[in-house]
2 protein chains.
Amino acid sequence: MGKKNVIVGQSGGPTAVINASLCGVIREGLEKSGHIETVYGMVHGIEGFLEGWYMDMGKELSSEDLERLRVTPAAYLGSCRYKLPEDLSSQVYPLLFSKFQELNIGYFFYIGGNDSMDTVSKLSRYGAQKGTDIRFVGIPKTIDNDLVLTDHTPGFGSAAKYVASTVREIVLDSSVYRQKSVTIIELMGRHTGWLTAASVVARKEKMDNPALIYLPERAFSLEQFAQDVERELKRRRCVVVCVSEGIADSEGTFLCEYGDQKLASCLGKEQAEFGVTHTEQAALDNFGHKMLTGCGKVLERFVRERFGVKVRSVELNVSQRCSGMLASMTDIDEAEKAGQAGVRFALEGETGIMVSFVRRRDGKPYGLDFVPVDVNQVCNQEKKVPISWIGENGNDIKEEYVDYVLPLIQGNSALPMKDGAPDYLYRKVKFYD
Amino acid sequence: MGKKNVIVGQSGGPTAVINASLCGVIREGLEKSGHIETVYGMVHGIEGFLEGWYMDMGKELSSEDLERLRVTPAAYLGSCRYKLPEDLSSQVYPLLFSKFQELNIGYFFYIGGNDSMDTVSKLSRYGAQKGTDIRFVGIPKTIDNDLVLTDHTPGFGSAAKYVASTVREIVLDSSVYRQKSVTIIELMGRHTGWLTAASVVARKEKMDNPALIYLPERAFSLEQFAQDVERELKRRRCVVVCVSEGIADSEGTFLCEYGDQKLASCLGKEQAEFGVTHTEQAALDNFGHKMLTGCGKVLERFVRERFGVKVRSVELNVSQRCSGMLASMTDIDEAEKAGQAGVRFALEGETGIMVSFVRRRDGKPYGLDFVPVDVNQVCNQEKKVPISWIGENGNDIKEEYVDYVLPLIQGNSALPMKDGAPDYLYRKVKFYD
């Protein structure tokens, strides 16, 4: 086929390296000038593109800009959470494809997680129905590391490095006083514990804090937790506990949904002792909104009531996904290479695929190969931490995980600094207001 | 006087650079071997020392250890919050001084904030009464930057760098979607806004986010806040607001203490509309404990009710004070020099002093001199951000502050890394359990 254009978009939550993948697509696209004329970027993904928001990346960004784009966190192009209809006869598909035709698009790249792979799947299936020759490629991205058919996903390594380093610092912070204390750190991860498990790397020695680590892959029992904390409080002065936000009990109730009645019964106390009479309102704030109290706060209350020790909870927040300062250089490199590999696969004729990471098993030094996998087998699946990597009592992480994660968090990002803060690249063109 | 020994302690909350000051005292002490025999460290400050917890720093730490100590956050020696009695005839004073005599102490150094300077003040006054020749020197430390008679304090620069950089990243994170939104970032600072003000550095251009910044130095008005947010929501898609945890209204009520009645009246609504009838319980959690809801959560609820836009609040947590990864190299250098200057001043005969930072006014390049100031004039005082550095409407920070803070946040720490995480120095000797 003759020269065609590329369109690339970003979708879903931000990560530290989603822009590195964008950079990879742009650089590889501009380099393949024998086949590719122009690299367009969708602004706010499919949703913005439907409103005509796109730009010419080669004109927008100098090569110096691309270098800064590579290390800038969050989504340079803007993101969306737009789900294409299941029904391929929906009007949105011909609308989208007519816009692709207008721009002479031959290659479509979407950088994102599960939902974005769903978009790639639907577009490629619709395209196949209609016999178009546009090639649709997904570039993986998620700090959750929950995509199947790939060793890991870009964004995870940086988030894991952030968690490992920051938990180590909080462990130091928590141990300055001589009083017995419990510190509960709540980490991102609604369904899978890949990120929370990285807190095990915060230990320098086997017996260091965090003493206890709980993932959503195992049912959480408050009674078992109480026994764990009690044992650790006998063994050490400061106990640091790491939990995924999404831990739930064996009945599937999230810890963050535990009301007073539940907590009271777990504590073996009459509820009236807590000065409450309105358990129905426990999960509602005073405006009638559902309380978004994290599980860290619930466990903090539980530990305070049960053990009477100094206790605090810390919620590691959005910095887990958007800290460019603590990004892993390995992650940045791999994210960019994933974007480049996507362009190469598309030029080789692949469509309806995601770029997958295959870890080389032939020897010690860590290495990665990039291969295309069927995107239909990726979307709407979820990869969990293997139960065999979790300690028998559900409160610890085994060496298998450490061996898995260590190569992914190596190397620091070399950020351009200005006035004492990172000199990230901001988009100049706005498409609204 | 003949050869004497040094004792040094750390007190109060951790910072990223309190160990750099410890390193400065130890290095300078060991170097002045003509005057100083041994450098002892108190474990958990005065409180631990009273129990006989101290160690020989020259034996404990190799020169390689000292290099790592310099960049390790939190308090290597352990800290305490022990307040010496006002009454100098208390039994604790002769007890302490007899322990000093046992160890042949000639020089006492205490690294800390306001309360620690109070300790130095009391010990030096007691020593003067009794005619001892021990010299008492305070080395400043606090992320709050609220000590008087010094241009700034070690620990503040690193915390300010963390705030500036992290807020910039959260601004990027908050702007990936096209929906209108408000993000409220709650920063440390109960009485002063030095740290929150550093969020102004997150802007690359004058009009960038954070759009609104509120410090405790000015009375906070919810009505004015509503007007500010309304105006900004017209002007931009995403509004990022930075607030100190300690903002309070003109009657002195902390925002974080606002119950439903107050919020309802500010919103001009009947309280019953929020589905609550028990305002008395607003400030209590369901166990009858006082709710430690931050002001960020209060403002989040207010914005949601008033404007109906997407809103979230983010509390930057203990990482503000303990992030060694994002420490300012300028801060680390100055903290170490403060420790060294303290030893020099003591050898020159000074006592009852704090090491103060004086910024050179003679020309452009930033430079610092270290001078002794009377510790009695430092303790129990509080330095606030000048009102003239705050915007007229109390929602912005002026250039004077930026000029003040920029030199303090320059340079990144060169941390030793191991297995993808910072290789901090841990104390080997424990003194309890």
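Which residue lies over the face of B:Tyr426, and at what distance from the ring centre? That would be A:Lys204, at 4.7 Å. A charge counts as over a ring if NZ of Lys or CZ of Arg is within 6 Å of the ring centre and within 35 degrees of the ring normal.

A quick word on the basis of all this: the model is predicted, local features need pLDDT of at least 70, side-chain atom pairs count only at pLDDT 80 or more, and totals for chains, interfaces and linings use all residues. Residues are numbered from 1 along each chain as its sequence is written, chains are lettered from A in the order in which they are written, and side-chain values use heavy atoms, with hydrogens and water left out.

Searching the whole structure gives 45 aromatic pairs over all chains. Rings of Phe, Tyr and Trp (its six-membered ring) pair if their centres lie within 6.5 Å; planes under 30 degrees apart are stacked, over 60 edge-to-face, and the rest tilted. With ring centres 6.1 Å apart and planes at 45 degrees, A:Phe225 and A:Phe302 are therefore a tilted pair.

A:Phe357 and A:Phe370 have their ring centres 5.1 Å apart and their planes at 80 degrees, so they pair edge-to-face. Both A:Phe357 and A:Phe370 are buried. Elsewhere, one aromatic cluster has A:Tyr40, A:Phe49 and A:Tyr54 among its members.

Definitions and conventions. Buried means under 20% relative accessible area, exposed over 50%, partly exposed in between (1.4 Å probe, protein chains only).
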